[in-house]
Amino acid sequence: MSLAAQSIASLRKQLLSKEITPTDIVKDVLTSIEKQDPSLKAYLSVDAERALADAAKADISKPLGGIPIGIKDNINVKGAPCTCASKFLAENYTAPYNATCVNQLHAAGALSLGRLNMDEFAMGSSTENSAFFASRNPWDTERVPGGSSGGSASAVGGDIAIAALGSDTGGSIRQPSAFCGCVGIKPTYGRVSRFGLVAFASSLDQIGPITKTVEDAALVLNHLCGKDGRDSTSLDAAVPDFTSGLGQDIKGLRFGLPKEYLVDGVDARIRSAVDAAITHIQGLGGIVEEISLPHTDVGIATYYVIAPAEASTNLSRFDGVRYGHRAENTKDVLDHYLTTRAEGFGPEVKRRILLGTYVLSSGYYDAYYVKAQKARTLIRKDFDEAFKKVDIVLSPTTPELPFKLGAHSDDPLSVYLADLFTIPANLAGLPGISVPCGFVEDGGTTLPVGLQMVGRALDEVTLLRAAHAYEQSTSWHLKKPR
Amino acid sequence: MAHHIDIQHTAKLARLKLTEQEAVKYEAQLAKVLDYMETLEGHDLSGVELTAHAMPIYDVWREDVSVEGLDRDEALSNAPRKTAGQFLISRVVE
């Protein structure tokens with residue numbers, strides 16, 4: 001197996017036994033990118049020279065020493081572009097600082113390799129909203145890799161990255177991970193500093209890893225978390241060793257299956273893969289019971305008020321003055337703003353800015369924004385109640401299989417509805433993981449299915465333990481695209 | 001209920017210039033999205049407190065001492081227009 005196709009855990013063993021060097025890994029990843037990226041289109045840019053220079057001085061005695069990690073293009077790495085897949089930042093933006101999580105990864109010996117494609121400003125579920133090009137699904141390049149962290153998942157699933165960082169506001173790590181056959185975890189809100197992540201919806205955004213295995217997710221997460229003075233919402237909570245629960249069994253662990261999630265509109269083949277996973281978990285000694293999350297039906301409406309509202313204020317910083325695109329020949333300062341922003345933002349971003357502005361505007365604030373914040377309380381309380389009975393909430397990660405490019409482009413609402421299972425964890429601030437749980441034949445291709453587990457706030461250790469126990473007793477994670 | 005948005009007013013608040021074509025398209029699409037928001041009416045929300053953040057964090061302070069940040073050149077490094085060590089903006093006062 002090529003080095004680019006291997007897990008962090010496997011590569012670290014070979015590094016420590018001197019069978020390979022960091023340069024071998026970086027060269028193999030770069031070669032894989034050269035071969036495969038023309039069809040996957042996962043990367044927006046790759047600085048091979050810098051990666052090789054970093055590899056040459058990598059310290060393998062550090063926990064992630066010599067491991068290259070791909071970075072979603074909305075996370076700042078000093079000296080690299082950070083376009084957010086937007087025309088606004090396409091030219092003349094070079095990150096003048098590192099995101100806190102990037103500093104932590106570098107301190108742990110990892111190096112950053114490549115900027116990964118995404119939906120513009122993380123708004124979307126397919127990467128088709130990238131201003132540059134759509135990324136492709138490694139299992140079928142006619143299909144989307146999901147989004148918004150679609151480049152990250154395509155690269156990891158397609159074995160042209162070892163691991164990658166993504167960001168998740170309504171499912172943007174978990175959904176593409178499910179679509180591409182990867183593991184993706186969104187940590188508890190506040191676990192990972194958002195400093196250096198270009199903000200979409202500040203009360204929902206979290207950075208997290210997309211990896212080939214659950215163990216790798218834990219290994220990377222170990223070097224992302226902690227209180228940061230530059231993000232006032234980062235949590236001052238002890239950071240455990242996230243690998244500490246790996247290898248433990250799940251006998252007696254309680255899993256809840258929300259009856260509200262068993263709705264029409266879930267692909268029957270996904271349903272049957274998830275049913276099989278549930279039986280499998282019971283076979284491992286997990287106790288599965290039906291639970292109720294009675295406010296599930298307002299999740300999407302709540303999210304699509306709150307997220308655009310926050311986005312409309314966050315994106316007001318794109319004014320063509322301090323960085324990014326600036327329109328030429330405008331007649332006054334208002335025209336400067338109107339034209340700069342009209343030229344810089346793509347259609348989905350404009351749509352969400354308009355929606356967010358509308359729900360925050362005078363006369364509509366109470367009708368939409370206040371109601372959504374109240375509904376958010378009810379959704380959070382649903383989980384509080386559920387976690388009195390169970391340790392983990394189970395569901396499919398997505399209601400549908402990876403779809404063909406262009407399949408949803410005319411109807412934004414239909415795209416929004418596909419976030420049904422992933423949004424609640426963001427609204428409630430809870431950690432969630434997607435792990436491969438089977439494959440489905442569709443139109444002559446084999447497509448992966450993801451199982452989502454959501455855990456208690458700050459209890460990623462139990463979440464990773466459960467996901468690992470499931471993964472290690474199945475072989476789904478070992479299957480590779482052709 | 002069919003919603004009507006004054007799309008050009010909203011666009012001006014959002015500092016976005018829309019073409020007539022865009023205005024028509026977004027107006028129709030957002031009306032559909034706002035119709036969907038009616039699902040928020042499906043539960044009794046009276047007396048429910050608001051959640052702005054999932055985690056209860058209030059009043060985060062730090063010591064009032066200066067810390068390292070970007071220096072002037074770094075802060076200006078991405079500015080589309082700059083002059084004399086400052087951001088250059090459009091004329092605000094005639």
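## Report on a predicted two-chain model

Among contacts in chain B between residues at least 6 apart in sequence, 30% join residues at least 24 apart, a contact being heavy atoms within 4.5 Å. For chain A the corresponding share, again among contacts between residues at least 6 apart, is 77%.

The model is predicted: local features need pLDDT of at least 70, side-chain atom pairs count only at pLDDT 80 or more, and totals for chains, interfaces and linings use all residues. Residues are numbered from 1 along each chain as its sequence is written, chains are lettered from A and ligands numbered from 1 in the order in which they are written, and side-chain values use heavy atoms, with hydrogens and water left out.

### Chain B

Chain B has three helices and two strands, in the order α-α-α-β-β from the N terminus. Its radius of gyration is 22 Å, well over the 12 Å that the globule rule gives for 94 residues, so chain B is more spread out than a compact globule. Helices (H or I, at least four residues) and strands (E, at least two) are DSSP runs, numbered from the N terminus. The radius of gyration is taken over C-alpha atoms, and the globule rule is 2.2 Å times the number of residues to the power 0.38.

Of the 94 residues of chain B, 29% count as buried. Buried means under 20% relative accessible area, exposed over 50%, and partly exposed in between, with a 1.4 Å probe and protein chains only.

The 10 positive and 17 negative side chains of chain B have centres that lie 14 Å apart. Lys and Arg count as positive and Asp and Glu as negative, while His and the chain ends are not counted; a charge is placed at NZ of Lys, CZ of Arg, CG of Asp or CD of Glu.

### Chain A

Chain A holds 15 helices and 11 strands. Its radius of gyration, 21 Å, is close to the 23 Å that the globule rule gives for 482 residues, so chain A is as compact as a globular protein of that length. Of these 482 residues, 67% count as buried. The mean positions of the 48 positive and 54 negative charges of chain A are 3 Å apart.

| Chain | C-alpha extent along principal axes | Accessible surface | Share on carbon and sulfur |
|---|---|---|---|
| Chain A | roughly 70 × 55 × 50 Å | about 15600 Å² | 50% |
| Chain B | about 55 × 45 × 25 Å | about 6800 Å² | 52% |

### The interface

In the interface, 76 residues of chain A are in contact with 53 residues of chain B. The two chains bury about 5500 Å² between them, with 66% of it on carbon and sulfur atoms. On the chain A side, A:Arg326, A:Leu354 and A:Lys374 lose the most area to chain B, together 12% of what that side buries. Buried area is the accessible area (1.4 Å probe) that two parts lose on being put together, summed over both.

### Local features

Helix 1 of chain A (residues 8–16) has as its buried residues A:Ile8, A:Ala9, A:Leu11, A:Arg12, A:Gln14 and A:Leu15. These pack against helix 2 (22–40), strand 4 (163–168) and helix 7 (214–221) of chain A. After helix 1 comes A:Lys18, with a positive phi near 65°.

Two further residues with positive phi lie in loops. A:Leu458, which is not a glycine, has phi near 70° and is found between strand 11 (445–455) and helix 15 (460–472) of chain A. A:Leu458 counts as partly exposed, at 34% relative accessibility. In chain B, B:Asp59 has a positive phi of about 45° although it is not a glycine, and it lies in the loop between helix 2 (20–36) and helix 3 (72–76). B:Asp59 is exposed, at 61% relative accessibility.

A:Gly147 and A:Ser148 are joined by a cis peptide bond with omega of about 10°. A:Ser148 belongs to the loop between strand 3 (111–116) and helix 5 (150–157) of chain A.

A:Leu293 sits in the loop between strand 8 (287–291) and helix 9 (299–314) of chain A. At 1% relative accessibility, A:Leu293 counts as buried. Leaving out residues up to four places away in sequence, A:Leu293 touches A:Pro258, A:Glu260, A:Tyr261, A:Asp382, A:Phe383, A:Ala386 and A:Val393. One of these, A:Tyr261, is 32 residues from A:Leu293 in sequence and 8.6 Å from it in space, C-alpha to C-alpha.

Terms used: Areas by Shrake-Rupley, 256 points an atom, 1.4 Å probe, with all protein chains shown as cover.
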